[in-house]
Amino acid sequence: MVSESTTRQEPLILGIESTCDETGVALVRGCELLADRTATSMDEYARYGGIIPEIASRAHLESFLPTLQAALDEAGVTFDEVDAVAVAAGPGLVGSLTVGICAAKALATAIGKPLYGVNHVIGHLAVDKLADGPLPERFIGLVVSGGHSNLLLVNDIATDVRELGGTLDDAAGEAFDKVGRLLDLPYPGGPHVDRLSQQGDREAIRFPRGLAAGKDKERHKYDFSFSGLKTAVARYIEGTRERGEDIHPENICAGFSEAINDSLTAKAVRAALDHGCDTIVVGGGFSANSRLRALLAQRAEAAGLAVRMPPLRFCTDNGAQIAAMGTELVRAGVKPSEWDFSPDSGMPLTQTSMLPDAD
């Protein structure tokens with residue numbers, strides 16, 4: 001456990017998140033979260049059924065300064081006390097990332113502090129330190145969100161992250177939202193599918209598990225595929241309607257949820273055992289899914305593994321994950337980013353930050 005005196009000696013990191021539709025600002029010292037403020041434009045997209053990048057970018061412009069001031073007020077600190085600024089450099093929407101990066105560059109320049117452009121996705125794992133204490137030295141990271149479903153071997157979250165596998169098509173959260181649309185559920189569909197799945201019979205409908213049989217089982221042992229599952233759900237709904245039978249959305253959601261979470265949890269446990277890791281750390285918006293949390297805990301316990309999942313408030317995009325990632329980079333002695341870095345919408349998951357160019 002980190003003592004209070006040790007925590008006070010840790011550098012104070014200000015984190016800025018703007019990868020999609022949340023404008024997040026947080027202040028973190030060591031494993032202590034001093035403030036975490038978020039503004040979202042999510043409600044503006046319900047009528048469109050998805051994020052509109054231009055609207056998201058404008059919302060960041062409007063929200064940044066009020067969110068920044070609210071975070072400073074909550075933490076009770078001034079700019080003079082900030083030791084470094086961290087900002088999400090990617091992956092994400094280019095326009096949204098640009099707003100956050102420009103704001104971070106202006107702020108870091110004004111207060112004369114180093115700037116770190118960090119990997120937003122790896123930040124989803126780093127944020128767990130704010131809930132459960134220092135991260136293990138080595139672990140398997142399961143990142144699950146609307147855009148990512150990946151298994152990572154993390155030897156050092158600041159300097160050595162290796163990608164073991166990922167989705168070949170749809171991510172888990174994306175598939176949930178698409179099935180929500182098939183069932184005419186409100187946007188975003190994922191949480192509604194999760195809610196209905198808890199009311200249904202998981203054994204009533206067995207949907208296929210992608211990459212789980214034959215040569216694919218070994219060739220893609222750490223990869224996921226959910227596009228075929230989504231198609232199977234669509235065909236099931238279409239066939240049921242053509243036969244004039246009643247559709248039971250709760251059973252469809254339960255069977256669909258079980259198929260996705262069966263794949264995610266089985267492969268996460270396998271990766272941990274194969275690579276000699278005793279802990280799985282989960283992060284990303286989809287990590288709020290109730291069945292994922294329950295099934296992974298059950299399977300990990302049976303395999304003698306520990307699971308760390310952040311509280312629900314840290315699952316969606318937030319400034320705390322960026323600040324937490326910043327603390328890890330500072331801890332590891334990683335050099336600050338140069339001022340001319342640009343947003344990288346496809347930032348590799350093996351790249352933890354925007355490193356300065358080699359001399």
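This is a predicted model: local features need pLDDT of at least 70, side-chain atom pairs count only at pLDDT 80 or more; totals for chains, interfaces and linings use all residues.
View 1. An unreviewed UniProt entry lists Val143, Val144, Ser145, Gly146, Gly147, Asp177, Gly190, Asp194 and Asn289 under "binding site".

**View 2. Val144 and its surroundings.** Look for Val144 in strand β6, which covers residues 139–144. Val144 is buried, because its relative accessible area is 0% and the cut-off is under 20%. Beyond residues up to four places away in sequence, Val144 touches Ser149, Leu264, Val282, Gly283, Gly284, Gly285, Phe286, Ser287 and Leu292.

**View 3. Asp177 on its helix.** Here we turn to helix α6 (residues 172–182), where Asp177 sits. Asp177 counts as partly exposed, with 21% relative accessibility. Leaving out residues up to four places away in sequence, Asp177 touches Pro188, Gly189 and Gly190.

**View 4. The largest nonpolar core around Leu142.** This core has 41 residues, and Leu142, Phe207, Phe256, Ile260, Leu264 and Ile280 are those with the most contacts inside it. Elements that each supply at least two of its residues include β6, α6, β9 (279–283) and α11 (290–302). Helix α10 gives the largest share, ten residues. Neighbours within four places in sequence aside, the contacts of Leu142 include Leu125, Leu151, Leu264, Ala268, Ile280, Val282, Leu292 and Leu296. Another core, of 33 residues, lies apart from this one, with Leu135, Leu152, Val161 and Ala323 among its members.

How values were computed
Residues are numbered from 1 along each chain as its sequence is written. Side-chain values use heavy atoms; hydrogens and water are left out. UniProt positions are given in the numbering used here, feature names are shortened, and annotations may be inferred rather than shown by experiment. Helices (H or I, at least four residues) and strands (E, at least two) are DSSP runs, numbered from the N terminus. Buried means under 20% relative accessible area, exposed over 50%, partly exposed in between (1.4 Å probe, protein chains only). Contact means heavy atoms within 4.5 Å. A nonpolar core is a set of buried Ala, Val, Leu, Ile, Met, Phe, Trp, Tyr and Cys residues joined through side-chain atoms within 4.5 Å.
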